[in-house]
Amino acid sequence: MKDTLGREITYLRISLTDLCNLRCAYCMPPEGAKKLEHRDILSFEEIEEIARAAVSLGVRKIRLTGGEPLVRRGMVDLCRRLRDIPALDELALTTNGLLLPEMAADLKAAGVDRVNISLDTLDPDKYRRITRGGSLERALAGIQAAKDAGFAPLKLNCVLIGGFNDDEIADLAELTVEEPVEVRFIEFMPIGGTDGFGPEAYLPCEAVLERLPQLVPAGDGGVAERYRLPGAAGTVGLIRPLSHSFCGRCDRLRLTADGQLKPCLHSREELPVRGLHGEDLLRQLERAVRHKPACHGELSASSRSRSVRDMNQIGG
Ligand code: SAM
Ligand code: SF4
């Protein structure tokens, strides 16, 4: 599927739920997500049907996200069903990792190819603060469980927040020295309930290059620019939606848990897919691709995302 600007759309991000076992301050409101009725979210049968239709149109990679994808009951079974789609090259997951000690081996056995785990700090108190109550120890156990299950190379997502974790840039990057992990610094995006953060929170990823001048370019990592510390086994990725927009290379479509296709993370536009089958479903997927905007506009610390959802309702 090509959009109107010639961008090939090969990547579908599917949110399995808005719910989460954490409450990250930059992602969702303190009271948590509003619980949708079970009938309001897509069933696994519906998700599989939409995924199969998308793959028939050229999607080659699917990522399950949320909310926290691992809290949706039965999701390992869904992974198995998605992995059975013949032309799908990659099934990936983005998770906070807390449930990986129990689930990593089953996910691997179900055919999940890659796992990205969110980790914003190495300090237990700061982790508790930013996640509003989470345990760093559990997150680290989740990372270990993913490694033990054979997920490699692991990507660790770190939202860079000025005044919160910019003093840990070197320590987080250090995680790549011994092991083949990619630590990816992501610029904090002004979306949903992030208005409690001041302008200092929006720290461009340039700060990572300033703090670590020894980083050397290590190739193209998709939306991430990849660097390496001298002699390191792993890499450092910079994801800069604000300071270096990658819209020109955008290859993705998003599906929300309640069945809306989002042509762009930061636009208001949503196209419903629930209840569509066969040709109607295919045409709606193609329509969503045609509606992809050229860019997400002037996203910056002072100009907020136009999306009406919090990040946990989209999936990042
Ligand atoms: N619960 C899973 C997790 O935390 O990895 C998956 C869903 S979460 C919404 C997906 C990604 O979006 C996470 O890596 C998270 O750090 C990132 N994210 C959430 N809010 C963000 C924001 N305001 N700016 C930048 N990244 C954000
Ligand atoms: Fe949950 Fe992920 Fe959002 Fe944190 S970033 S509240 S773990 S959905």
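The model is predicted, so please read every value here as computed from it. In it, 20 residues surround ligand 1, and strand β9 is largely enclosed by the rest of the structure because five of its five residues are buried.

**Around ligand 1**
- The closest residues of the shell are Y26, G67, E68, S118 and M189.
- Sorted by class, the shell holds 11 polar, seven nonpolar and two charged residues.
- Two strands, β3 (90–95) and β5 (155–160), each contribute at least two residues to this shell.

**Polar contacts of ligand 1**
- S118 places a polar side-chain atom 2.6 Å from an oxygen atom of ligand 1.
- Y26 uses its backbone instead: a polar atom there is 3.1 Å from a nitrogen atom of the ligand.
- In the side chain of N157, an N or O atom is 3.4 Å from an oxygen atom of ligand 1.
- The protein buries 95% of the 540 Å² that ligand 1 exposes when taken alone.

- β6 (residues 182–187) pairs with β9 in the parallel sense over five bridges, and V183 stands opposite V236.
- β8 (residues 224–228) pairs with β9 in the antiparallel sense over three bridges, with R226 and G237 as bridge partners.
- Six residues separate β8 from β9 in a hairpin, and G231 in the turn has a positive phi of about 75 degrees.

Key. Residues numbered from 1 in each chain as written. Chains lettered and ligands numbered in written order. Predicted model: local features only at pLDDT ≥ 70, side-chain atom pairs only at ≥ 80, totals over all residues. Heavy atoms only, no water. Near = heavy atom within 4 Å. Polar contact = N/O pair within 3.5 Å; in protein donor to acceptor, adjacent residues only side chain to side chain. Areas by Shrake-Rupley, 256 points an atom, 1.4 Å probe, with all protein chains shown as cover. Helix = DSSP H or I, 4+ residues; strand = E, 2+ residues; numbered from the N terminus. Nonpolar A, V, L, I, M, F, W, Y, C, P; charged D, E, K, R; others polar. Buried < 20%, exposed > 50% of the residue type's maximum accessible area, 1.4 Å probe, protein only. Pairing = 2+ DSSP bridges.
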